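Let's take a walk through this one together. Have your viewer open and follow along.

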Amino acid sequence: MPQLGSLFTQFPLGSKASESPHSQCPRQAPALPDFLQHVRKLTGLRKEDVYCNLRIPDQFQKTNDDINIVIFTGQGIFCIDVKSWRGTVSAHNQNWHVQVKEEDQNFTNTRIEQTEDPLKAIMTKTANLCGHLKRSGVSVRQSLFFSRVVFLSPDCELDEELKKKRELVSHCQIDDFLRSFREGYIAWISDALTPSWLSGHLSYRQMESVREVLRGVGTWDLMRLHCGEQLKGDYQGCQYIALDRQETDTLEFSRVKILSADSLWALLGHAPQVSRLHWLSDELPGSEVTVKMYKRGSQGWLGKSLNATATIPSNTFVIFRISGEETDAKIPANTIHSITLSM
């Protein structure tokens with residue numbers, strides 16, 4: 001069972017090729033949450049028609065991969081994976097290559113990173129979503145499912161062959177692609193009055209049935225660490241914390257530091273017995289972590305409602321199965337900022 005010391009070498013936190021930066025301050029691609037807000041703004045779609053990080057089970061009921069964004073309209077169901085790759089992208093047989101240039105003051109180094117075919121991957125996940133809906137009693141024609149890969153970075157260049165694929169959306173095409181989801185008033189009236197078998201679009205009854213299934217699809221738990229990193233996976237538990245996912249959606253961890261005896265005497269005007277005053281570090285016996293558990297879906301003027309509070313030793317391990325790994329990771333509680341729990 002891996003521990004935090006080796007966590008960041010064993011579990012890369014970004015896409016293999018997606019986070020490769022140039023040395024000369026490349027333009028930043030938006031993170032997925034920021035892009036999701038951009039999607040909702042430009043498409044004008046309701047919140048219940050845009051989904052993020054859906055974990056769609058395959059025919060064997062295994063859930064290993066997620067679809068970054070699912071956009072759902074009367075036109076069909078769009079399954080979108082986003083990439084933050086930088087460099088020149090080309091396809092080579094079963095794999096794709098990302099050519100990245102690293103420029104220094106004295107020389108330019110070019111390296112080629114190999115990654116799996118993202119178009120094949122999203123098409124497989126799209127087929128899994130189609131199958132999942134069918135197994136759930138909702139039949140949608142396969143022609144109404146669309147796979148797309150969106151490249152967020154302006155520093156990502158597709159080669160000529162890849163530019164011909166309509167399933168690939170480069171940075172300069174993103175806004176036009178998202179605006180294409182906007183439906184005018186005339187189109188809305190037409191869909192309302194035209195039977196789905198004539199329009200070729202989803203019927204209102206189908207759309208509501210699809211929404212009901214998608215609302216029941218799980219997402220990943222998200223662990224945020226104090227160092228700023230994020231881990232996507234499944235929270236497995238902690239020996240000092242008992243919770244019900246149906247009632248709790250967020251765990252917040254705060255480190256409690258205990259004033260040492262020397263520091264206390266110094267505050268009272270006495271000379272310390274050692275030359276350095278200090279707060280007792282989290283790793284020393286006696287330090288603790290306070291865990292606040294907040295109620296799911298409860299949001300008032302003063303923020304979320306507190307469900308429960310627990311105080312645990314700082315060296316307690318939280319068990320977390322990181323996405324894509326076969327074993328659980330043991331993560332010290334004093335390194336965790338928060339955990340957001342999915343349904």
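This is a predicted model: local features need pLDDT of at least 70, side-chain atom pairs count only at pLDDT 80 or more; totals for chains, interfaces and linings use all residues.

Start with the open sheet: five strands in the order β1-β2-β3-β7-β9, with mixed pairing. At its edges sit β1 (50–54) and β9 (168–169), each of them pairing on one side only. As background, strands of a sheet pair through backbone hydrogen bonds, either parallel or antiparallel. For β1 and β2 (residues 67–73) the sense is antiparallel, with four bridges between them. If you want one to click on, V50 has I71 in β2 as its bridge partner.

Now bring in the helices. Helix α3 (residues 118–135) lies across β2, β3 (76–83), β7 (145–151) and β9, and it runs at about 145° to β7. Helix α8 (residues 204–215) lies across β1, β2 and β3, at about 160° to β2.

Is S170 buried or exposed? Its relative accessibility is 15%, so it counts as buried, the cut-off being under 20%. Leaving aside residues up to four places away in sequence, S170 touches F151 and L158. S170 and L158 are twelve residues apart in sequence, and their C-alpha atoms are 7.6 Å apart.

Last stop: T290, in strand β13 (residues 288–300). T290 is buried too, because its relative accessible area is 15%, again under 20%. Which residues does T290 touch, not counting those up to four places away in sequence? They are E252, F253, S254, V256, T309, A310 and T311.

Terms used:
Residues are numbered from 1 along each chain as its sequence is written. Side-chain values use heavy atoms; hydrogens and water are left out. Two strands pair if DSSP finds at least two bridges between them. Helices (H or I, at least four residues) and strands (E, at least two) are DSSP runs, numbered from the N terminus. Contact means heavy atoms within 4.5 Å. Axes are lines fitted to C-alpha atoms, for helices over the stretch in contact, and angles run from 0 to 180 degrees between N-to-C directions. Buried means under 20% relative accessible area, exposed over 50%, partly exposed in between (1.4 Å probe, protein chains only).
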